[in-house]
Amino acid sequence: RGTAAMSVAALGGTVYTTRVEPVALDVTRLTVRLPNLPPQLAGVTLAQVSDVHFGMWMKYDYALSVAEKVNELNPDFVAVTGDFVSRIDPETPDEISGWLRTFNAPVYASLGNHDHWTDANTVAEAVQSGGAALLRNANAAFERDGQTLFIAGVDDIWERQQDLDAALNGVPQDGAVILLAHEPDYADAVREDGRVGLQLSGHSHGGQVRLPLLGAPLLPYLGTKYSIGMYELGAMRVYVNRGVGMIAPYVRLGCPPEITLITLE
């Protein structure tokens, strides 16, 4: 009887970590003070989505449900912080484009290491075909009431494709700046530059598994120092999203998938 009970418990744990928590989509709501933000832009909201990882575990229907949840939150714009793919199948580019077209708000995006490890140019074409502004060492202006918020993005840091100076080219010294950077530990270099008020990252998935008192047993390169949630680095803040997809092993425990809804002040 004891052996049977242990087997049932183990089976239940397996079902939870592979079938339940991986799709228990959480919405984290935050209010963030952004330096230099014009008063007219106070109250602007953004939804961050990260690490979709099309091509392996992620199914298109579930990805669409993520986009629908974002639309329910009615953000002013959406930030997607990299790793669109784990593998590129024949249908993957169309899935990326179709998924991005589902969002009701403007989308700004950066690439991640897995996008480069598959085919960065194919991913980039699919992202742009979906109507998103892909920021590969570039920036774009979000404007309202004659005021501007700058959304900048660096290309992947793991693959040494980042160029922060290019990403911030043309941004005034007193501009309000949000940076999309896939790998969160890049924040130390961004802080030294001093022009960015908020960095949005993904990459770590929060570890996918987080144990009481111990935290995440395993974290990726460039996602170990800043691995989950909000960090304050002087006047700059960094938020690390847990992602909506997974990489193998396809389990989550104590670390559900996440959409972040940020209100700027």
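**Entry 1: a pair of threonines.** I looked up Thr 45 and found that it stands opposite Thr 263 in S12. I note that the model is predicted. I then examined the two strands concerned: S2 covers residues 45-49 and S12 covers residues 258-264. Four bridges join them, and they run antiparallel.

**Entry 2: the sheet.** I next asked in what order the strands of this sheet lie. I recorded an open sheet of six strands, ordered S1-S12-S2-S3-S4-S5, with mixed pairing. Its edge strands are S1 (26-32) and S5 (133-134), each of which pairs on one side only.

**Entry 3: the whole protein.** I found seven helices and twelve strands in the protein. The radius of gyration is 18 Å, close to the 18 Å that the globule rule gives for 265 residues, so the protein is as compact as a globular protein of that length. Along the principal axes, the C-alpha atoms fill a box of roughly 70 × 40 × 35 Å. I noted that buried residues make up 55% of the 265 residues. For contacts between residues at least 6 apart in sequence, I recorded that 74% join residues at least 24 apart.

**Entry 4: the surface.** The protein exposes about 11500 Å², of which carbon and sulfur atoms supply 50%. I located a nonpolar surface patch of about 690 Å², made by Val 15, Tyr 16, Val 20, Leu 211, Leu 213, Leu 214 and Leu 253. I selected Leu 214, which is found in the loop between strand S9 (198-201) and strand S10 (229-233).

Notes. Residues are numbered from 1 along each chain as its sequence is written. This is a predicted model: local features need pLDDT of at least 70, side-chain atom pairs count only at pLDDT 80 or more; totals for chains, interfaces and linings use all residues. Side-chain values use heavy atoms; hydrogens and water are left out. Patches are made of residues with over 30% relative accessible area and no salt bridge: like charges are joined within 9 Å, nonpolar side chains (Val, Leu, Ile, Met, Phe, Trp, Tyr) within 5 Å. Accessible areas come from the Shrake-Rupley method with a 1.4 Å probe; for residues, only the protein chains shown count as cover. A salt bridge is a side-chain nitrogen of Lys or Arg within 4 Å of a carboxyl oxygen of Asp or Glu. The radius of gyration is taken over C-alpha atoms; the globule rule is 2.2 Å times the number of residues to the power 0.38. Buried means under 20% relative accessible area, exposed over 50%, partly exposed in between (1.4 Å probe, protein chains only). Contact means heavy atoms within 4.5 Å. Two strands pair if DSSP finds at least two bridges between them.
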